Amino acid sequence: MNSWITTNVWLIPAAPLVASILILAFGKAARRAAAAVAILGQIAALAMSIFAFVPTLHSHGFRAIQNFTWFTFGEQILRIGFVLDPLAAAMLMMIALVGLCIFVFSIGYMAEDKNFGRFFAYLSFFSGAMLGVVVANSLLLLFVFWELVGLASFLLIGFWIERPSAAAAAKKAFITTRIGDMGFFLGILWLYHRSGTLLFYDGGRGCLEPLALSAIGSSVTLVALLIFCGAVGKSGQFPLHVWLPDAMEGPTPVSALIHAATMVAAGVFLVARVYPIFSVGAINGVTTSLTIVVWIGVITGLMAALIAVAQFDIKRILAYSTVSQLGLMMVSLGVGGVAAGIMHLLAHGFFKALLFLGAGSVIHGVHHEQDIRKMGGLRRLMPITFSTYAIGMMALSGVPFFFSGGWTKEEIFHATSNWPRSHLPHYLMLIGVILTALYMTRQIIYVFFGNRRAASEHAPESPSVMTLPLIVLAVCAIFFSVVLTPAWPWLESYLTGHPARFDPHLLIQPMIIVSLALVGAGVAIGIWIYRRAGETDPIQHAQPALFRFLENKMWIDEIYDRTVIALSKILARLSDWMDRHVWDGLVRGVGAVGQFLARLTTGADERVINAGVDEGTIGAQGFGRVMSRWHSGQIQTYLGAVALGMLALVLLYAWLG
Amino acid sequence: MTLSILLVVSAALFCIGLLAALSRRHAIFILIGIEMMLAAANINFIAFWRFAPQPAQPTGVMVAIFAIAIAAAEAAVGLAMVIAVYRHFRSTNVDQLDRLKG
């Protein structure tokens, strides 16, 4: 029963893709049918993911691959394939489950929208592409799905296309990620050039296996960094993080599914997938490429956490929080904690989707107001949303013992503290924990506590179709902590292949005390600062310049405007001028020569050839006219002519003798 | 009776026939003219045979008989054509029959 799915992994991404095509082909107008088809596709994907998950449990280091030839050109045979291993199986479960919750939530959230069917078609399309990224066993196939995911993201950010800001955000997201993907693609080409294969695993000949890795040689660092470019773009790492907060222009379920739980995690997943390329020739687990990954992650994590403290849009706070957490995952991967990073990714998928859906529920309740200063006191009006949101907040902040985020963060800090090169990332990430607790406390206080403000006067609790997914995700966020507990590190052993053993002493460690203290400090500072927060932020009141700096996202967008974008605008204007005056001039010159030649040949044609032909025809006409006079039709004239001719012949005969 | 008298008669007959064929307007007269020219030719054949070195062989007579037979056939065809032309144009005046005009 389980073996068929391991040989047909492609069915998992195929189910939502087929659903998407069906909706686009038939059901754009049929709202109920569209949602039903999309959710059926997602349920099918989830069921198959569970079937695929079961065999991976049986043996450690399970890996099922099916490769096949895509096409052949000359000597080169391009092969692609699908893989099922613990990493893929865990990701499949998370994506399918979170996706299903978000699909159900969307029924309620998008109920008023006129393009309901199109929305579900895009969501299904995204889900299929994302599942494809996870099961791809070829860097090329992964790249194809990667770009499809990017396309889905573009379509969904710009879903409300009539809003100029949404259209601009979609464009920005697409172009920014494209910059990273450019590097990614170059990395793929270089890797193919060096190793001759893009398959990850191929019975010892794949590009992640030792034979090919040794063939890449010294350029492996460059290849790894080029691939990392793609991850930077997709996962919103510094300096390409600017698109992710703007992507919040899309509908909230999209933000939850794509820009929090799954797609942005694809970059982290990619680094984990091609980790052997990053770690080739590691001394003590440190390579140049991994060091760069760590520092990019540190910069991103800390910067985004700082910016999140000074935002007022409920979704933007979460967006910067996502950027920050992705940075943390990158740090974890960079210092060698691959399992910890992936566990944080999975846990983050659940609780960040929960937070976003909670935010969506709030936004739905307060009639599409997103400014947290205009909310307040919602905890009594929206009790389910409030309690699930609080669970998500505690999971994100990393409250230990009962919430999944706590354990995974602790794992990450174990990994960072053991990094031989520097301890700075470790301490900076600990500061990040305080900041995370701080901005989440701030958000909760603004939204759910205090006095009711303008937008939250009559906010109803959302319908059960929206609260049910919240509850499911909240249960997942808590349940996940059982799977993650260090006393019995089941998930870690599942991912790494090392056997797990039960040891309750590991439950209490110095690090857990430290993180408990840090989270407590963050929450306490948050409550102390924001206990009487009003329309103006207390930090804004105390440190206006600093706050303005953070509120304007450290002016990174403006810096890009002045530098990169200004430069490309100058280049555009230059090439426009070149086009108009230089190339156009050349073209016009060539055209003028052609015109001159044409005029010349016209003259020759008219004056010489035509004239000659005219003269000839006139001559022929005249000759014909003379000749036709002889042909009078008078038979006697002809006879006379014959007689004359005969007479002439006779005379000639007589004369010649 | 000498050969030259016969040749003069024949030439006269030919000229009269030619004149008739060239000058008459009526198609039947033209046909008669042509018949006269044929008759002149026949006279020549007979005359040259009669005064030839071997008059015993009937060569000239044979040619004349053939020519008369052909002339009869030609006259029949010619008269049929004249009748057909008359039926078509309601006229046998050759001045009006200029369909051969180029």
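The model is predicted. Chain A holds 27 helices and 2 strands. With a radius of gyration of 37 Å, well over the 26 Å that the globule rule gives for 657 residues, chain A is more spread out than a compact globule.

**Overall form of chain A**

- Taken along the principal axes, the box filled by the C-alpha atoms of chain A is roughly 150 × 60 × 50 Å.
- Buried residues make up 50% of the 657 in chain A.
- Among contacts in chain A with a separation of 6 or more, 78% join residues 24 or more positions apart.

**Helices α2 and α5 of chain A**

- Helix α2 (residues 11–25) of chain A and helix α5 (residues 116–135) of chain A have axes that come within 7 Å and cross at roughly 160 degrees.
- Angles over 145 degrees count as roughly antiparallel, and α2(A) and α5(A) are therefore roughly antiparallel to each other.
- The crossing of α2(A) and α5(A) is left-handed.
- On the α2(A) side, the contact is made by A:Ile12, A:Pro13, A:Ala14, A:Pro16, A:Leu17, A:Ala19, A:Ser20, A:Ile23 and A:Leu24.
- The α5(A) side of this contact includes A:Phe120, A:Ala121, A:Phe125, A:Leu131 and A:Val135, together with A:Gly117, A:Gly128 and A:Gly132.
- By residue class, the contact of α2(A) with α5(A) has 13 nonpolar, 6 polar and no charged residues.

**Helices α19 and α23 of chain A**

- Helix α19 (residues 404–417) of chain A packs against helix α23 (residues 510–530) of chain A at an angle of about 120 degrees, and their axes are 10 Å apart.
- Roughly perpendicular pairs span 65 to 115 degrees and roughly antiparallel ones lie over 145; α19(A) and α23(A) are therefore oblique to each other.
- The crossing of α19(A) and α23(A) is right-handed.
- From α19(A), the residues A:Gly406, A:Lys409, A:Glu410, A:Phe413 and A:His414 meet A:Met511, A:Ile512 and A:Ser515 of α23(A).
- The residues of this contact of α19(A) with α23(A) divide into 3 nonpolar, 3 polar and 2 charged.

**Contact between chains A and B**

- Chain A gives 10 residues to the contact, and chain B gives 10 residues.
- Helix α27 (residues 635–656) of chain A supplies 5 residues, the largest share of the side of chain A that touches chain B.
- That side of chain A comprises 3 nonpolar, 7 polar and no charged residues.

How values were computed. Residues numbered from 1 in each chain as written. Chains lettered and ligands numbered in written order. Predicted model: local features only at pLDDT ≥ 70, side-chain atom pairs only at ≥ 80, totals over all residues. Axes fitted to C-alpha atoms, helices over the stretch in contact; angles between N-to-C directions. Helix = DSSP H or I, 4+ residues; strand = E, 2+ residues; numbered from the N terminus. Parallel < 35°, antiparallel > 145°, perpendicular 65-115°, else oblique. Left-handed = near helix turned anticlockwise from the far one by under 90°. Contact = placed C-beta atoms within 7 Å. Nonpolar A, V, L, I, M, F, W, Y, C, P; charged D, E, K, R; others polar. Rg over C-alpha atoms; globule rule 2.2 N^0.38 Å. Buried ≥ 20, exposed ≤ 12 C-beta atoms within 10 Å, placed from the backbone.
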